[in-house]
Amino acid sequence: MPGRSLLEKIWDQHVIARLSEDTDLLHIDRHLLHDLGGSRGLLDLKSRGLKVHNPELTFATPDHALSTAPGRAGTSKIGQELLAALRIETAASGITLFDVDQPGQGIVHVIGPELGLSLPGATIVCGDSHTCTHGGLGALAFGIGSSELTHVLATQALIQRRPKTLRARFEGELPLGVTAKDMILALIGQIGAAGGTGYAVEYAGSAIRALPIEGRLTICNLSIELGAKMGMVAPDEKTFEFLRGRPYAPQGEMWDRAVKAWRELPSDPDAVFDREVVIDVEKIIPQVTWGISPEHVVGVDGIIPDPKSVDDPARRAAIETALEYMGLQGGAPIAGTPIDWVFIGSCTNSRLSDLRAAAEVARGRKVAAGVRAWVVPGSENVKREAVAEGLDKIFIEAGFEWREPGCSMCLAANGEVVAPGQRSVSTSNRNFVGRQGPRARTHLASPASAAASAIAGAIADVRMMGRS
Amino acid sequence: MPKPFDKLTATAAPIMRSNIDTDVIIRIERLVGNGIRGTLGKWAFGSLRYLPDGSENPDFILNREPYRDAEILVTGPNFGCGSSREGAVWSLQERGIRAIIGSGFGDIFFANCFQNGILPVVVGKAVVDQLAADIEATQGAGKVSIDLEAQTIVSPSGARHSFEIDPRRREGLLKGLDEVALTLQRDDEIHAFQASDRTARPWIHSTRISA
């Protein structure tokens, strides 16, 4: 019998009942709620006459519909109603809420790891597709819809089909100026936005082992943009060091027991994966998207695809549609494309290390005339740590706007939008049509690349900025 | 509780662009609020369906007869990729869509369909392309039939295609089963699991702040 993978080990440990050959009732260890769907789920439960099965395993924070303007000025009326409802319904159910301006508030996928709520070997769900982020700690984490959210509230369990397994091995030493964001965008470019559909992805290889935890969280965050709702990295010493002493991480003797159990989680050497992909990271250069799917990605020194040189009619039409929306010419270099906006934030790239990387590029420089650049820290704690280091001052002096924590312009649920026809370089996760506002044009890139582009006033190669 | 689904013969609209994401199916601002159910049908495919001035885009297929009454979508690869927003399924449902045929769907969207009594059918790309061509050959007048019990699709040309589906999900759709009620019947098993897991992994269950 072959060895078991990380996914299989975690999965097997959570089976409450086998429902069919490939479908199980799984225990859910952590359920995270946010303002957009949290109160709706709790109200749905109430309307069915049911109670929250395990409020102590459920945690909530507002992030999506909250204004990130200084002082939270400008949260919409409906956003305020959602926040009020979240407060009332979590209190009534005995669910811990990390409220506005309190340590612990933030983007739900930033606070889970930060507080030590997200742990190796745990099953974690949230009504948000980027829940895969938490897999960076060796958790089995995935996004769910509203119906499944109600199911978890009512039962602390979920019916799931066992996914196929894909191992993506990133091998080699990461070149200077190339980040975790570039690694995962390069993989999406290589296997496509549906390349991971139906799979749980395990990221492995020397370049993953070398990545700090925050980089692994970024990698796992974009699993859903590969089509995979679950992505994970085996826990190791870095994981344990990251979690040690965090508020909700186990302590003392329980910590030792937990670490002992977590050491058993990595895939066995003879584990078999349904699909394997190998990426040579030494060939990766900073990535930037040119189109309307994360798979529309090139190296920043690359050329925007020319539909005229594509034979397959469906692919040619897809490129034409994307270029028309993006207002770009096929065959032109992507670098140097003038921009109007820069957004540094989101569950992908709003952690302290992301802000440090962007600040390193911005320090002593100025945002180009005509460009608006926002920095939105991922959580209240990230904000406070960044301020303590003086990162806010570096950004403000360079002409960036320093904001309050939240999802902000990543999905534009709170009126924070890129205007129609304007072009943004964003550290977020989706360059979909209208994602950052109706007819907004989004180019995904790393925090360092985004900062470099803000300074240049155009899509820029951070490696030319002389500091990375 | 989802409505049961067994058979459907209806107008089908091919929307063949690949990677139609859930942001394109329903924009986020339509989903902010707790009273959104019932308001979403007119906003399904908003960015494709309406021009910037708010008028209907005459080129979009669901704005054309007879596709306006379509209850089936025939879709390009990776339809419903992107976010977990169940509002994407609700908006299609409120628009009258009851089944979607494609070569592949976003994983979370796919699961959300079943939760709402919408049948997503996965068939090979050649079958999808043939269906779309057959529908277009009749300018949408030819209907598509889906029989979930028999697991077959009949194209307007009369061509019959079979499809695979997870037997559990098939049964759930045929009977309109409520998963929450079904799982609550296993509440003793859930409690038994938690009791034993509390010993095996106490750090999962003891979530009081340790500071």
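Start by selecting A:Cys347 and showing its surroundings. Leaving aside its neighbours within four places in sequence, this cysteine is in contact with A:Ile107, A:His109, A:Val110, A:His130, A:Thr133, A:Asn221 and A:Gly378. Here, "in contact" means that the C-beta atoms of two residues, placed from the backbone, lie within 7 Å.

Before going on, know that this is a predicted model: local features need pLDDT of at least 70, side-chain atom pairs count only at pLDDT 80 or more, and totals for chains, interfaces and linings use all residues. Residues are numbered from 1 along each chain as its sequence is written, while chains are lettered from A and ligands numbered from 1 in the order in which they are written.

Is A:Cys347 buried or exposed? A:Cys347 is buried, because 27 other C-beta atoms lie within 10 Å. (The cut-offs: buried is 20 or more other C-beta atoms within 10 Å of the residue's own, exposed is 12 or fewer, and partly exposed is in between, with C-beta atoms placed from the backbone.) You'll find A:Cys347 in the loop between β15 (341–344) and α12 (352–362) of chain A. Helices (H or I, at least four residues) and strands (E, at least two) are DSSP runs, numbered from the N terminus.

Together with A:Cys347, they are listed by UniProt under "binding site" in an unreviewed entry. UniProt positions use the numbering used here, feature names are shortened, and annotations may be inferred rather than shown by experiment.

Zoom in on A:Cys410, in the loop between β17 (401–402) and β18 (423–426) of chain A. A:Cys410 counts as buried because it has 27 C-beta neighbours inside 10 Å. Its contacts, leaving aside neighbours within four places in sequence, are A:Gly345, A:Ser346, A:Ser428 and A:Asn429.

Time to zoom out. Colour chain A by domain: domain 1 is 6–275 and domain 2 is 288–465, with bounds from an automatic or database domain assignment. Their contact takes 42 residues from domain 1 of chain A and 34 residues from domain 2 of chain A.
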